[in-house]
Amino acid sequence: MYKHLNQDGSPMDLPVTRALCIGRNYMDHIAELKNAVPEEALIFMKPAPALCHLSETLVIPTDKGECHNELEVAVLINQPLCHASEDEVEKAICGVGLALDLTLRDVQSKLKEKGHPWERAKAFDLSCPVSPFIPYDQISDLQALHFTLKVNNQVRQQGETAKMMRSVLKMVAEMSEIFTLQPGDIVLTGTPKGVGPLKSGDEITVSLEGHLTLSTSVAS
Ligand code: ZN
């Protein structure tokens, strides 16, 4: 069962609710999938059963076409946020980590063509592996983080939060205009370029520079 974890691996006393995600927050990723630049933030959710631990073997669907990596900086919220200012958002962030927004890309492409919602491509069980969280007070600047995904020892994604189109605080404030964020919500902040198919047996290493490195593999 998924629980939010502290850096030392101990469980946190916060409920497990859902992941709130933003699509198309890095120009380089918008370009690689030839998507349009959104006027408003593109927001979607992954329900609680999507959450799992990034340190455990990743179990991905094998009969639904390509399943892509999207490595993203994730923040954990510990207070309700409704019509929140960026200052209020900052006070409600208790941890910063990494998450994979696993995406069934072939399924998503068909949904996009039909203008349908993305749950079939993004909200399936175990589609959101999450790392332990670094206490927010150890992060000097949310917009100066560097993060990397290696697959079989090759760098596949290298992101810098400085290159986000919407800052983390701005996007969470914007989300709080639509719905109330709840304690335990995790916000995924968008993927940089370098998405690609994961295969059974792939060795995965993620790192948030200066803060955490984790290795795992895709179930074979
Ligand atoms: Zn994503």
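This is a predicted model: local features need pLDDT of at least 70, side-chain atom pairs count only at pLDDT 80 or more; totals for chains, interfaces and linings use all residues.

Reader: How much of the chain is buried?
Author: A residue is called buried when its relative accessible area is under 20%, exposed when that area is over 50%, and partly exposed in between, using a 1.4 Å probe and protein chains only. Of the 220 residues here, 54% count as buried. Residues are numbered from 1 along each chain as its sequence is written, and side-chain values use heavy atoms, with hydrogens and water left out.

Reader: How many helices and strands does the chain have?
Author: Helices (H or I, at least four residues) and strands (E, at least two) are DSSP runs, numbered from the N terminus. This chain has five helices and 14 strands. Its radius of gyration is 16 Å, close to the 17 Å that the globule rule gives for 220 residues, so the chain is as compact as a globular protein of that length. That radius is taken over C-alpha atoms, and the rule is 2.2 Å times the number of residues to the power 0.38. Along the principal axes, the C-alpha atoms fill a box of roughly 40 × 40 × 30 Å.

Reader: And what share of the contacts joins residues at least 24 apart?
Author: Contact means heavy atoms within 4.5 Å. Take the contacts between residues at least 6 apart in sequence: 75% of them join residues at least 24 apart.

Reader: Is Lys64 buried or partly exposed?
Author: Lys64 counts as partly exposed, at 43% relative accessibility. You'll find Lys64 in the loop between β3 (51-53) and β4. Not counting residues up to four places away in sequence, Lys64 touches Leu104, Asp106 and Val107. The C-alpha atoms of Lys64 and Asp106 are separated by 7.5 Å, with the two residues 42 apart along the chain.

Reader: Which residues are the protein donors of the zinc ion?
Author: Donors are N, O and S atoms within 2.8 Å of the metal (3.2 Å for Na, K and Ca); water is not among the atoms, so sites may look incomplete. For this zinc ion, the protein donors are Glu70 (OE), Glu72 (OE) and Asp101 (OD), lying 2.0 to 2.1 Å from it. Along the chain, the donors follow the spacing E-x1-E-x28-D. Glu70 sits in the loop between β4 (67-68) and β5 (71-77), while Asp101 is in the loop between β6 (93-100) and β7 (103-104), so the pair links distant parts of the chain, 31 residues apart.

Reader: Are Glu70 and Asp101 buried or exposed?
Author: Glu70 counts as buried at 4% relative accessibility, and Asp101 is buried too, with a relative accessible area of 0%.

Reader: Now a helix, please. How many residues of α5 are buried?
Author: In helix α5 (residues 168-175), six of the eight residues are buried, so the helix is largely enclosed by the rest of the structure. Those buried residues are Val168, Leu169, Met171, Val172, Ala173 and Met175. They pack against β1 (18-23), β2, β5, α2, β6 and β12 (186-188).

Reader: What is the phi of Lys34?
Author: Phi of Lys34 is near 55 degrees, a positive value in a residue other than glycine. Lys34 has its place in the loop between α1 (27-32) and β2 (42-47), and is exposed, with a relative accessible area of 75%. Look at His83 as well: its phi is positive, about 45 degrees, although it is not a glycine. His83 lies in the loop between β5 and α2 (86-92).
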